[in-house]
Amino acid sequence: MTEELSRTSALASRHTALGSSLEDWNGMGTAWTYSTNPNDEHDAIREACGMFDMTPLKKVFVRGKDAATVLDHLTTREMSAIGAGQSAYSSVLTDDGTMADDAIVSNNGNDEWMIVHGSGGTMALLEASAAGKDAALEFTDSLHNISVQGPTALSVIDAHCDLDLCALAYFNHRPAALFGHTCRLSRTGYSGERGYEIFADADVVGDIWDKLVVAGVMPCSFTALDKVRIEAGLLFYGYDMTTEHTPWEVGLGFTIAKTKSNYRGYDALMTAKGNNKIVNVGLNIDHSDMVAGGETLHLDGADVGVINSPAYSHRLNKSLALAHVSPVVANPGTRLEVKSADINTTATVVTMPIYDPQKLRTHA
């Protein structure tokens, strides 16, 4: 294992058996591709259910009487509004009011919280927020995360767990037994479908994965994940948002609590409101395949943006992308030129999410 791949999923051998080379993401070998066709994986998520090993996301427990206070300072959400058994998607900011990371914060009850984040600077900022507070931090790679997504995810998991899963509301979570193993089930995901995330320890996650396969759930790669999340307008830190962008600019204004001001970056964030330099938009590109990413966008000869996250959706028969553009060209219907050394075509700004615009499937 190289120094960069400092983390290992207990499911790694399953991924290599499926054809993965375990490419790096977030310091962990990740199934970016399998030997299966990612279009078939895409179909499974939209028509039945597929599953992703999301263990490369980082999980940190925050425990103690000041745990909520620490997370209130770290994130833009109001912790008092997140009851035991509930979660919220939040922005984590720099002192300059820009995106240090995005994260899901979960209240486990009894002064225990869990924060799940990606490749941004959450951990260092969490440690700074916790300094001098009655709060213990525990980063864990033992806790694994299988994300089961798709219209049959409910029936598949419900048949093998001890919860009434139908009663579990969106962005709620509960301790459970699944296939006889202790875990936590969370009604969350990253696909634009109804789905569930299974948080289970390393010593049981392999058996859970295997039994899900037997139950008909298709293992899916991060290539398929890119397809479904771009269709659904869901952001990936490092591509669609970085420390150069405010939540206002990338469409995460909904994560900003209206009732608090005691979080890192608040003053700078409020100063930046209404002064967007870019807007995150969806594009329908006039091209027969996925573009490479990094292409510049132009209108009347002026450089007005850049493509960040491209994908080709065989289901929609469209070349799609998430892009940052100047606010003056962000209205749906605007036609732009797409240019790089390898391509010269056009694209149309479209309303997001491109798939299921009313979000009826995730909220069903």
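Predicted model: local features only at pLDDT ≥ 70, side-chain atom pairs only at ≥ 80, totals over all residues.

Colleague: Which residues of helix 7 are the buried ones?

Modeller: They are Phe-222, Ala-224, Leu-225, Lys-227, Val-228, Arg-229, Ile-230 and Glu-231.

Colleague: And what do the buried residues of helix 7 pack against?

Modeller: They pack against strand 1, strand 2 and helix 2 (38–47), and also against strand 3 (50–53), strand 16 and strand 17 (318–325). Just after helix 7 comes Gly-233, which takes a positive phi of about 70°.

Colleague: Switching to rings, how many aromatic pairs does the count come to?

Modeller: The count comes to seven aromatic pairs. One of them joins Trp-25 and Phe-222 in a tilted arrangement, with 6.0 Å from centre to centre and 55° between the planes. Trp-25 belongs to strand 1 (residues 23–25) and Phe-222 to helix 7 (residues 222–231), so this pair ties together parts that are 197 residues apart in sequence.

Colleague: Are Trp-25 and Phe-222 buried or exposed?

Modeller: Both Trp-25 and Phe-222 are buried. Another aromatic pair, Tyr-263 with Tyr-266, is edge-to-face, at 5.4 Å centre to centre and 90° between the planes. There Tyr-263 counts as buried because its relative accessibility is 4%, whereas Tyr-266, with a relative accessible area of 23%, is partly exposed.

Colleague: Which residues do ring pairs link into a cluster?

Modeller: The cluster linked by ring pairs consists of Trp-25, Trp-32, Phe-222, Phe-236 and Tyr-239. On a related note, the charged end of Arg-46 sits over the ring of Tyr-355, 3.8 Å from the centre of that ring.

Colleague: How does the lining of the largest cavity divide by class?

Modeller: It divides into six nonpolar residues, four polar residues and one charged residue.

Colleague: What about the second largest pocket, what volume does it have?

Modeller: The second largest pocket has a volume of about 310 Å³. It is lined by 16 residues, of which Trp-32, Asp-226, Met-290, Pro-310 and Ala-311 lie nearest its centre. Helix 7 and strand 16 (302–313) are the elements that give two or more residues to this lining, and the largest share, five residues, comes from strand 16. By class, the lining of this pocket has eight nonpolar, four polar and four charged residues.

Colleague: What does Ile-208 touch, leaving out residues up to four places away in sequence?

Modeller: With those left out, Ile-208 touches Ile-146, Leu-178, Phe-179, His-181, Ile-198 and Ala-200. For a sense of distance, the C-alpha atoms of Ile-208 and Ser-91 are separated by 31 Å, and these two residues are 117 residues apart along the chain.

Notes:
Residues numbered from 1 in each chain as written. Heavy atoms only, no water. Nonpolar A, V, L, I, M, F, W, Y, C, P; charged D, E, K, R; others polar. Contact = heavy atoms within 4.5 Å. Phe/Tyr/Trp six-rings, centres within 6.5 Å; stacked < 30°, edge-to-face > 60°. Helix = DSSP H or I, 4+ residues; strand = E, 2+ residues; numbered from the N terminus. Buried < 20%, exposed > 50% of the residue type's maximum accessible area, 1.4 Å probe, protein only. Lys NZ or Arg CZ within 6 Å of the ring centre and 35° of its normal. 1 Å grid on protein atoms, 1.4 Å probe; cavity = no way out; pocket = protein on both sides within 12 Å on 5 of 7 lines; lining within 4 Å. Points joined across faces, edges and corners; volume = space filled by probe spheres on them.
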